[in-house]
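Here's a quick tour for anyone meeting this structure for the first time. Have a look at the sequence and the model, then read on.

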Amino acid sequence: PNWTPPFPFFTLGLGITYAEPIYTTDPSSGLQIFGGVIAVDYRFEDIAKFLVESYGDTDTAVIIFEVAEPDHYVVASSTGSPASHLRLSSDLTQPCPVQSGDGTGCEPVRIKVADFGDGHDLDPVLVKAALEHEAANYPQQLLTVSASDDVDAPHYVTQSTFYTQGGTDLEWRVVVVSPASQSTSDALVSGNPYSVVLIVIGILGVIICCMFALAMYRRRTEKAIVFADWRFTCAFILGCALLNISSFTLLGKNTQATCLLRMWSFHLFFVIALSPLFVKVWRMYKLVGSENIRRNTITNRQAAIYTLPMIIPQALLLLIFSFVDEPRPIAYVEQDGGEVIYGVVCGTETSASIITLGIYEASFVVVGCILAYMTRHMQDDFGEAKQMIFSMYNIFFVGLVALIVMSLIDLGRTEESMLQAMGVFWGTVVSAGAFAIPRLLQAQNVRRERREGRTSRTNNVHVTGVTNSQNPSRNRKDVDSNLMSSVEVSLYEAAEEEMANFSAGEKSSTQTTEHAPFIPPADLPPPAPRNLRVGFAGAVADDDVIEESSTTSR
């Protein structure tokens, strides 16, 4: 048996021929004598007709082409597009004026796979499928192709098979494409009930965090709020609101832009939220928690600059991974029984970005725990060790639960997005409340006690960077002995007013006693008045005004 390679027929068509010799037996000698050849011609048009009749009315398309490289000439397809063109023999670039007949001066020119197509909608899909299989070295698993680069374009699954005839040089590739069902669990698009829930969660998170920040800002002149360093506390809470806003990027289809936006918004806002909180606690520790009585000043501008060493490395990491291992839409194919499901999710080629960003952000939780340990002995007016350790535990717990759930349960992309949005909501709202609610309640209690007349009116004295939480009595002794070298101008004014009140009280009780007027500290340093307790507010900015709500009394 012999299959010929494709060749032009006399009728200007292309095809192949199956030929087999015929032998007869000589009766006298018993030898076989060659009697001729029987041949069967297969025109490519006939193969294409068979494919059109079999698949023409379906969504499935088939293309057959030769394996021989580099041309991969087309044999036939189910779209009916021709596998060859008639060209003038004298100039193969010019079309033949007739389509058949003898003596036309034309010959067929075969078409390569890359040049295949005659206007049918599935021709570009067949070409892309054939080229995808060639680039992937003709894998056994299913591949996916789309009609165009548009995300909304129909997608198809494709598979190829190798056809050969034993003992011949006939080697063909058969590529089949079929439409795939679009997955409904890879993106939170309109019509998906999860999208409404995510929007509600995100809005609630933003509103609650903004309410905490607004309440702190409105009470910013009260002692409890000032001692909480309200500026950086509000910055932390507003950063939590930004994290909730990042949940909205989970909505919509998985495109190149949305995949990149999701990575940047979540990871950058995470650091932006925590950096002012860490700087605030560190500054309070340096100003109030240090045993050094020497004056130490850290302005709000300096503290804001100290957040940059935490934010800039995160931004650089995100910038690097935006080019080196950028998140992009990745197609996947699943078979659910007899149905083939196609979907697109955001992913990366490697896990380098996930591991690197995860380690960097986990270090923030460790830093928070260290700060909580360092400030554990500070006075309650300034120290927030309990709130810090609670927030770090809350963030760690939420992240751990999310990882366990995703590792144990096979969640779709929509379910993972919902889990992320709920984790962000819980982590931000609870952590923001841990810092805002105790301070707001403390300020409320002071206002109520003041209205009820349960506290005596005293003056609040500000000392910058002077405290010893482990030995308060030593603080008072040090302040008494070093009063003139460590107390700010506000102390002088408060002491002058206190001495004036003291002198007025003595006059009213003993008319014969005369008190000398108060001498400014620059001329004669007076002893600290017995009825004056020094309050420590080292982290209070110069422009902060504290209401006279101190609980100290004569």
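Predicted model: local features only at pLDDT ≥ 70, side-chain atom pairs only at ≥ 80, totals over all residues.

Two strands pair if DSSP finds at least two bridges between them. Helices (H or I, at least four residues) and strands (E, at least two) are DSSP runs, numbered from the N terminus.

Residues are numbered from 1 along each chain as its sequence is written, and side-chain values use heavy atoms, with hydrogens and water left out.

**The big picture**

- The protein chain has 14 helices and 14 strands.
- Of its 554 residues, 42% are buried, where buried means under 20% relative accessible area, exposed means over 50%, and partly exposed is in between (1.4 Å probe, protein chains only).
- Contact means heavy atoms within 4.5 Å. Take the contacts between residues at least 6 apart in sequence, and 66% of them join residues at least 24 apart.

**The five-stranded sheet**

- Five strands make an open sheet in the order β6-β5-β11-β10-β9, and the pairing is antiparallel.
- Its edge strands, β6 (74-77) and β9 (143-146), each pair on one side only.
- On average, neighbouring strands here are turned by 30 degrees against each other, direction ignored.
- Inside the sheet, β5 (residues 61-66) and β11 (residues 171-179) pair in the antiparallel sense over six bridges. Ala61 has Val177 as its bridge partner in β11.
- Two helices lie across this sheet's strands. Helix α1 (residues 44-55) lies across β5, β6 and β11, at about 30 degrees to β6.
- Helix α2 (residues 123-135) lies across β5, β6, β9, β10 and β11, running at about 145 degrees to β9.
- For these angles, axes are lines fitted to C-alpha atoms, for helices over the stretch in contact, and angles run from 0 to 180 degrees between N-to-C directions.

**A closer look at Thr158**

- Where does Thr158 lie? You'll find Thr158 in strand β10 (residues 155-164).
- Thr158 counts as buried because its relative accessibility is 0%.
- Its side chain makes a polar contact with the side chain of His133 (3.0 Å). A polar contact is a pair of N or O atoms within 3.5 Å; within protein, one must be able to donate a hydrogen and the other to accept it, and residues adjacent in sequence count only if both atoms are side-chain atoms.
- A polar atom of the Thr158 side chain also lies 3.0 Å from the backbone oxygen of Val176.
- Not counting residues up to four places away in sequence, Thr158 touches several residues, including Ala129, Gln141, Leu143, Val145 and Val175.

**The three-stranded sheet**

- Another open sheet has the order β12-β14-β13, with mixed pairing. The edge strands β12 and β13 each pair on one side only.
- β12 (residues 181-182) and β14 (residues 339-347) pair in the parallel sense over two bridges, and Gln182 stands opposite Tyr342 in β14.

**Nonpolar cores**

- A nonpolar core is a set of buried Ala, Val, Leu, Ile, Met, Phe, Trp, Tyr and Cys residues joined through side-chain atoms within 4.5 Å.
- How many residues does the largest nonpolar core have? It has 48, and those with the most contacts inside it are Met216, Ile237, Leu274, Leu277, Phe278, Phe364 and Met388.
- Helices that each supply at least two residues of this core include α3 (193-218), α6 (256-289) and α11 (413-452). The largest share, eleven residues, comes from α6.
- Leaving aside neighbours within four places in sequence, Leu277 is in contact with Phe236, Met388 and Phe435.
- Another core, of 19 residues, lies apart from this one; Ile63, Ile111, Tyr138 and Val145 are among its residues.

**Helices α8 and α9**

- The axes of α8 and α9 come within 10 Å and cross at roughly 170 degrees. The two helices are therefore roughly antiparallel to each other: angles under 35 degrees count as roughly parallel, over 145 as roughly antiparallel, 65 to 115 as roughly perpendicular and the rest as oblique.
- Residues of α8 including Pro309, Leu317 and Phe321 are part of the group that meets α9 residues, among them Ala352, Tyr360 and Phe364.
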